[in-house]
Each structure stands twice: as structure tokens, then as C-alpha cells.
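Visitor: I am new to this structure. Please take one part and look at it closely with me, then show me what surrounds it.

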Amino acid sequence: MFIPTASEPRPKPLKLRPFRAVRYDQDVVGDLSHLVAPPQDELGPAQPRVPRGCPHHIAHLLYTQDPQAAARQLRGWLHRGVLRRDERAAVYVYQQQRGARILQRGLIGELVLPRDGKGRERLLPHEGVSPHVVRQRAAHMSGLRAQLEPLLLTYRSSQSTATQVVDHVTRRIPTVVARVGEITHTVWACSGDEEVALVTSGLSGSPALIADGHHRHAACLRLGEEPGSPWESSLALLVDTAVYPLRLSAIHRVMPELDPEKAALAAADVAEVRPLPEGPRPPRPGELVLAGGGQAWTVTDPEPGALHEALTEHPREWATLPAAVSDHLLLDTAWSVPDLPGAVRYYHDAHWAVADVAAPGSGTALLLPAITEDQVRELAGAGVLLPRKSTSFGPKPAAGLALRVLDLT
């Protein structure tokens, strides 16, 4: 007798819930442009993370070394009306715009984090995490009892209804407006049940990819292991990249103790190295650019045997990834750069990396080419995590526009 097998249940769609955001009261603090923080990777090398003369700047909470003291400061701001909690729970439409160009538009809410195997197929990490950094993030979040910046997630919706409703919402008077540099950040609140259901309807489509915030996501999973924990969900920004594609850029390496000429000579043992008489330039697909002291070289065509040996304990898919060639074939194998604090500095801007090593004796920069979201999604969907510091999605959200604050007692 034929007995049909039960079909496996489909993973549940991601659930983005309304929440009562804590926000600066503009009637009390005035223009928010001087209080919210740009993403850390947009801060220049000489730009302070915590601006002077701004006692209520969100950076005082974001970069604290004492989360409990920051929690007391946060309570004080709430008590004095610097911050206030919205009366109604909402999902927030968030937009970043430069001039007339909309760079990004997405939804901020409280995302229920999938924890079972099936559910995790709906939320894809693409990079591994450092246990030490996860512990730091968890200590900051639990001590502060708040999330100051959302996870950045991308998804691709096949539904047009949600986009149409979001477009309609952005014609209303905004809830928050702040300008940071050349970027205008705008937030609108959606609090009605029907409207919330419509704007979030596109989440039932393809899986969401964690674009930024892997350590904060892992910290939430760590803190939310007990049933009923408030950390079973996380502040999140979801961007439909079918409508608003994000920018992907590489993350470049600077080795302050590595001489560039010696680096080029050693790299030639494991790859093709050619000088760039015109000086450093952005790398093209399939190449890395080595720079330092006004000199530059291209690094291409890794020697197959050396690359295979360098990646023996890693997925075979890494062989085509710039960060894997950079970190394992060059930094580890050719240059023996130690995995210690300060041995490698990371830059999201190639010009900053090159400027850091412009003077003779100041070290070596290694510039990487960017990869595409399709490449990242394909690998993440197959369960292959990229090397750390492989790519940077942007624009990232500013911190301080809509906070998730747990009950402070």
C-alpha cells in the first residue's frame, strides 16, 4: 500500500512587529542633526566618535565602556524629557536621501528572530562572528537594556502592494527629520493595524540576508536563550533591494608593520605581482592592489597549489573571494601577519587606506574589489559564510532616530 509521506512544513515568514520607539523630543533638544550618529565606518580617521559639547549625543550611549552607567544616563534622559517613548506602537518607514536621490528606503520594527533550523532559513547570515566581540555586544545590550542601532537586513519582495503603501506613507508629514553630512534621514510612523500589515506584507517572499549587524544578531541569540526573553526579538531595518539596491563596497586592509616592497616580493611567491607605475588605484575584479610609500602593485592569478593549501580548512567556494585570498594566502601564508590587535587596520574607504601608508615606513595597504549581493546571497543560501570583513553594505542607518528600549526599572 502506498502511504504518502507528510510534506515538510514551510518555514514561517519573517515577522516584523510594531514597537513603541524611544526618540529624542525635538521640542526639548532641537535639531536632531547634532545628536544622531553616522555609521562608524563613515567616520574619518581623525573624526571623534563622541563629539565634544554635545551632552545628549547618542554616541555617549553607543560607545560607552560602562553599560550600567550608560543605562543610568539613558534613564536620566527619559526622566528629563530629552527622550520620550512613542504613545503608540508602530512600524517606521525610514529613508536616506542625498539631494533628490533616494539612497535607501526600508522598514524599522521589532523582528522576531528565527531560532529553529527551518526558521533560520529565512534569516541568512553571510559572515562569521568573533566570540569575544559577541560577548562585548551582549554585555553592552543587556547592561543598557536597549538597542540603539538596528540590524540591517535585505530582502527581495515580489509584491508591489507594500511598495505602493510605503510610497503613500512618505507623502505624509514625517515623524523625524535629521541631516548628517550630505544625507537627509527621514522617519514616518505606521501605527494602524491594516497599514502595518500592508507595509510588511512583502516579507513573506525570499529569505532576508543579514547585511550588517552579525555580532549584534548573535548577541541577541545568546541573550534570548531563555523562553520569554525580550531578546527573542531585535531592532531591525529591512530594505527591499529589488526596489532600493544597497551599495556593496570592499573593506581594505592596512598592515602598519609590513614593508610594501618586502610584501610585494613575498606575494610574488604565491601570485602574479606587477608594478603600477601610475600609483595605487581601485582594484578591478580578479585583482588586489598593494600600496605603500607612494608605490603600488597589482596582485592577480594566485598559484593554485598555494591557494589550495592556504584554504585547506575552509570552504572550496572561498577560492574566488578577495577577502579569502587577502587574509589566508597573503596575510597568513606569504606575510605571516599575526592575528593580534593592531596588526591589521580595516578601512571602508580606499583613499583613507592609501593615505594611511603614504609616508615611507608607515606600512602596507591591501585594496580589495567589491563583490555583488547576488554572490553574497548565493553563498549564504548554501550555508557558506564569507571571511570576516569581506564586504560592506550601505548606506547603513544612523543611530539615534528610533531606539528600542526595554522597561528600565
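Guide: Start with alanine 266, which has its place in helix 9. The model is a predicted one. Which residues does alanine 266 touch, leaving out those up to four places away in sequence? They are Ala334 and Trp335.

Strands of a sheet pair through backbone hydrogen bonds, either parallel or antiparallel.

Strand 16 covers residues 288-292, and strand 17 covers residues 295-300. These two run antiparallel and pair over 5 bridges. Alanine 291 has alanine 296 of strand 17 standing opposite.

Next, turn to strand 8, residues 151-155. How many of its residues are buried? The count is 5 of 5, so this strand is mostly covered by the definition of buried, under 20% relative accessible area. In a regular strand the side chains alternate between the two faces of the sheet. Strand 8 has Leu151, Leu153 and Tyr155 on one side, and Leu152 and Thr154 on the other. All of these are buried, and both faces are covered. Strand 8 also has partners. With strand 12 (residues 233-240) the pairing is parallel, over 5 bridges. There, threonine 154 stands opposite valine 239. With strand 11 (residues 208-212) the run is antiparallel, joined by 3 bridges. Leucine 152 has aspartate 212 as its bridge partner in strand 11.

Then come the aromatic rings. How many aromatic pairs does a search of the whole structure find? It finds 2. A pair of rings is described by the distance of the centres and the angle of the planes. Phenylalanine 19 and tyrosine 92 are edge-to-face, at 5.6 Å centre to centre with 70° between the planes. Phenylalanine 19 sits in the loop between strand 1 (16-17) and strand 2 (22-24), and tyrosine 92 in strand 4 (residues 91-98). They are 73 residues apart, so to speak a link between distant parts of the chain. Both are buried. The rings of tyrosine 24 and tryptophan 77 have centres 6.4 Å apart and planes at 40°, so this pair is tilted. Tyrosine 24 is in strand 2 and tryptophan 77 in helix 3 (residues 67-79), 53 residues apart. Tyrosine 24 and tryptophan 77 are both buried.

Helix 3 has a neighbour too. It packs with helix 5 (residues 131-144) at an angle of about 35°, and their axes are 8 Å apart. The crossing is right-handed. Among the residues in contact are Leu74 of helix 3 and His140 of helix 5.

Conventions:
Residues are numbered from 1 along each chain as its sequence is written. This is a predicted model: local features need pLDDT of at least 70, side-chain atom pairs count only at pLDDT 80 or more; totals for chains, interfaces and linings use all residues. Side-chain values use heavy atoms; hydrogens and water are left out. Two strands pair if DSSP finds at least two bridges between them. Helices (H or I, at least four residues) and strands (E, at least two) are DSSP runs, numbered from the N terminus. Rings of Phe, Tyr and Trp (its six-membered ring) pair if their centres lie within 6.5 Å; planes under 30 degrees apart count as stacked, over 60 as edge-to-face and the rest as tilted. Buried means under 20% relative accessible area, exposed over 50%, partly exposed in between (1.4 Å probe, protein chains only). Axes are lines fitted to C-alpha atoms, for helices over the stretch in contact, and angles run from 0 to 180 degrees between N-to-C directions. A crossing is left-handed if the near helix is turned anticlockwise from the far one by less than a right angle, and right-handed if clockwise. Contact means heavy atoms within 4.5 Å.
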